[in-house]
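Colleague: Hi! I'm new to this one, could you walk me through it?
Modeller: Happy to. Let's open it up and start with the strands.

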Amino acid sequence: MGQTTGISWTTHTWNPFQGCTKISPGCAHCYMHRDMARYGKDPRNIHRSADATFRAPLKRTRDGSWSWPDGGQVFTASWSDWGHDEVDPQWRRDAYAVIDARPALAFQVLTKRIQSQLWRDELPIVPRPNVWLGTTIEDQRRADERGPALADLPAALRFYSVEPMLERVRMPLAGIGWVIVGGESGGREARPIDVDAIRDVRDQAGAVGVPVFVKQLGSVWARANHARQPHGADPAEWPEDLRVQQMPRGVIGGVAVD
């Protein structure tokens with residue numbers, strides 16, 4: 001699991017552990033819960049992945065080179081939450097050992113549990129130079145709660161995922177190096193967001209020089225505009241001013257990002 005990904009803001013997904021429980025409105029239509037149920041699995045069963053998946057970033061090709069080349073980004077625990085309190089601390093320690101073995105990959109750790117005490121307990125472990133630490137802020141309440149908690153933690157780069165965006169938000173941007181934003185996917189159950197709210201996020205970040213990555217405009221927009229992709233994920237179909245997909249630039253934690 002995770003050799004390639006359809007997620008446009010990363011290169012790979014990596015799931016050293018799997019399973020999660022819902023904690024906030026952004027979780028309502030979680031793709032992991034939907035997909036696990038489709039496979040006949042309980043999405044709330046939090047477990048360590050098989051060794052081949054756990055060690056996927058360390059896989060090499062026949063000529064000895066890395067299967068995942070240096071310089072890429074790795075969305076970490078996309079089918080779980082690194083900060084879940086049911087994740088065994090030893091699993092995280094073992095996963096950090098994998099991260100340490102690949103210093104030229106940027107591991108994007110995105111959590112809805114940035115307020116968890118575990119981040120403070122593991123501070124001697126967490127601030128690695130190739131770990132980008134992010135949190136989801138799907139609405140104003142989560143922006144007010146999770147934004148300051150993220151700002152209080154050290155990381156090579158801190159970022160927000162404003163997805164699924166459920167309402168307009170004012171983001172605390174001090175110390176933030178990247179913002180991802182997108183409407184909700186999920187077919188008929190997806191909740192709408194006005195694209196002007198996405199523009200507002202773009203403008204807030206742009207005003208202070210923070211790069212912005214517009215991922216998708218959401219399923220409701222896609223249906224209303226007869227888009228080819230059901231999640232509104234093709235920038236060629238968007239209003240021209242929303243075709244903004246910026247990555248952080250420069251050398252971050254030893255990883256060169258274009």
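**A chat about the fold**

Modeller: Strand β1 and strand β4 (residues 73-76) pair in the parallel sense, over three bridges. Keep in mind that this is a predicted model.

Colleague: Which residue stands opposite Thr76 in β4?

Modeller: That's Trp14.

Colleague: And what's the order of the strands in the open sheet?

Modeller: Seven strands make up the sheet, running β1-β4-β5-β6-β7-β8-β9, and the pairing is parallel.

Colleague: Which strands stand at the edges?

Modeller: Those are β1 (12-14) and β9 (212-216). Each has a single partner strand, so one side of each is left without a neighbour in the sheet.

Colleague: By how much are neighbouring strands turned against each other?

Modeller: On average by 25°, ignoring direction.

Colleague: Switching topic: which residues touch the most other members of the largest nonpolar core?

Modeller: That core has 54 residues, and the ones touching the most other members are Trp14, Trp82, Tyr160, Val162, Met165, Met171 and Val179.

Colleague: What does Val179 touch?

Modeller: Leaving out residues up to four places away in sequence, its contacts include Tyr160, Val162, Met171, Leu173 and Phe213. Val201, Ala205, Val210, Pro211 and Val212 are on the list too.

Colleague: Now the cysteines. How many disulfides are there?

Modeller: The count comes to zero. Cys20 is in none, and its nearest cysteine sulfur, that of Cys27, is 6.5 Å away.

Colleague: Is Cys20 buried or exposed?

Modeller: Cys20 counts as buried, because its relative accessibility is 11%.

Colleague: Last stop, helix α1. Which of its residues are buried?

Modeller: Helix α1 covers residues 31-38, and its buried residues are Met32, His33, Asp35 and Met36. What covers them includes β2 (17-18).

Colleague: What comes just after α1?

Modeller: Gly40, which takes a positive phi of about 75°.

Key: Residues are numbered from 1 along each chain as its sequence is written. This is a predicted model: local features need pLDDT of at least 70, side-chain atom pairs count only at pLDDT 80 or more; totals for chains, interfaces and linings use all residues. Side-chain values use heavy atoms; hydrogens and water are left out. A nonpolar core is a set of buried Ala, Val, Leu, Ile, Met, Phe, Trp, Tyr and Cys residues joined through side-chain atoms within 4.5 Å. Buried means under 20% relative accessible area, exposed over 50%, partly exposed in between (1.4 Å probe, protein chains only). Contact means heavy atoms within 4.5 Å. A disulfide is a pair of cysteine sulfur atoms within 2.5 Å. Helices (H or I, at least four residues) and strands (E, at least two) are DSSP runs, numbered from the N terminus. Two strands pair if DSSP finds at least two bridges between them. Axes are lines fitted to C-alpha atoms, for helices over the stretch in contact, and angles run from 0 to 180 degrees between N-to-C directions.
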